[in-house]
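Biologist: Hi! Could you walk me through this one? I'd like to start with the terms you use.

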Amino acid sequence: MAANKTMLFLPGDGIGPEAMREVRRVIGWFDRRRAVRFDIKEGLVGGASIDAKGTPLTDETMADAMSVDAVLFGAVGGPKWDTGSFDMKPERAILRLRKEMGLYANLRPATVFPELAEASTLKPEIIAGLDIMILRELTGGVYFGEPRGIETLPDGTKRAVDTQVYTTPEIERIARVAFELARKRRNKVCSVEKANVMHTGVLWRETVTALHARSYRDVELVHMYADNCAMQLVRNPKQFDVIVTDNLFGDMLSDLASMLTGSLGMLPSASLGDADATGRRKALYEPIHGSAPDIAGKDLANPLATMLSFAMLLRYSFDLPDDAALIENAARDVLSKGIRTADIMQAGCTKVSTTGMGDAVLAALERLGA
Ligand code: IPM
Ligand code: MG
């Protein structure tokens, strides 16, 4: 039997725990049928951690995240914790995990499941077959740049500062990931910044261009300003393969791209660091959707994005592409049978609960994985 793989589960707040519960059932299925065993630790994060421990992420949980092979993250946040100071916001937890684990490469696929093409607000012909990868730089830029803060001026008014900052190595390492990803896809990279108004944009463009000339001439490279990219994503999204961009533009463009697919509840993501001497990469996987407090605890949430995040974990951290594909195919199979949670419900389909979707995926795994 292969060595145990270790994972830390951080269900978090809102619909996070419900979605994670369904992933546990999928893992149970794998445990019963596969040689690989998973050792799972669970921890508190976000509002759940604030309530129990007085902080969005304890040092112990941070240490656990550093020691496991992969982290599966649910979602954090909710109105209950909106009043706290900046450092007490549930979101601090995910920012600290990203920074301290060095997860600079955030892969956010926007893929349209053919069965859901009608669910998009865009015309089906614009998005049918869409398959783009937004690669977002995740540990730099305005999210972490110093100086930052709010000060009170002598006249009593206030002044707030955030700093957008990037170095050549930071840009180079994310661009490298973009070119490598593109080589395994349709070989196209679109690098996105605002070199027309920002110095970081100028350096970004120069650095990506130089790396391309040095090592990746076989990959097609285009540059685009971020505002134009937003427009092009809605106008003709299929022109893109891999989009590489900074932390803030990536945050916005990935939300935009996710909604092209009409199904936020379906999209997973992976955040990866550099490989260490043993070849192991720190990694965290999470659905793109948030904690959806309005439907939390009602067995209404769509657990597929968290399940598909687990599939990404199997592919990128555990090198188990067949098992990953099995989960993805099970999800597709369930959709093709017209089984839907409320968020993706369509006329003529069967509406199921979170648990019902879990049941359907397990049944599909039985069928497909025999
Ligand atoms: C995301 C989220 C986070 C971000 C928040 C929760 C801090 O919007 O992962 O896209 O801004 O990065
Ligand atoms: Mg976001």
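Modeller: A salt bridge here is a side-chain nitrogen of Lys or Arg within 4 Å of a carboxyl oxygen of Asp or Glu. This is a predicted model, where local features need pLDDT of at least 70, side-chain atom pairs count only at pLDDT 80 or more, and totals for chains, interfaces and linings use all residues. Residues are numbered from 1 along each chain as its sequence is written, chains are lettered from A and ligands numbered from 1 in the order in which they are written, and side-chain values use heavy atoms, with hydrogens and water left out.

Biologist: Thanks! How many salt bridges does a search of the whole structure find?

Modeller: The search finds 25. In one of them, the side chains of Arg136 and Asp251 meet at 3.6 Å, N to O. That pair links distant parts of the chain, 115 residues apart: Arg136 is in strand 5 (residues 131-137) and Asp251 is in helix 9 (residues 247-260). Helices (H or I, at least four residues) and strands (E, at least two) are DSSP runs, numbered from the N terminus.

Biologist: And which residues surround ligand 1?

Modeller: Glu91, Arg98, Arg108, Arg136, Tyr143 and Asp251 do, each with a heavy atom within 4 Å of the ligand.

Biologist: What about distances from an oxygen atom of ligand 1 to the side chain of Tyr143?

Modeller: An N or O atom in the Tyr143 side chain is 2.5 Å from a ligand oxygen. For Arg98 the corresponding distance is 2.7 Å, and for Arg108 it is 2.8 Å.

Biologist: Switching topic: how is the chain divided into domains?

Modeller: Domain 1 covers 1-108 + 264-370 and domain 2 covers 131-260; the bounds come from an automatic or database domain assignment. Their centres, taken over C-alpha atoms, are 25 Å apart.

Biologist: How much area do they bury between them?

Modeller: About 1600 Å², 63% of it on carbon and sulfur atoms. Buried area is the accessible area (1.4 Å probe) that two parts lose on being put together, summed over both. In contact terms (heavy atoms within 4.5 Å), 16 residues of domain 1 meet 18 residues of domain 2.

Biologist: Which elements supply the domain 1 side?

Modeller: Helix 4 (91-101) and strand 4 (105-111) each supply at least two residues. Strand 4 gives the most, with four.

Definitions and conventions: Polar contact = N/O pair within 3.5 Å; in protein donor to acceptor, adjacent residues only side chain to side chain.
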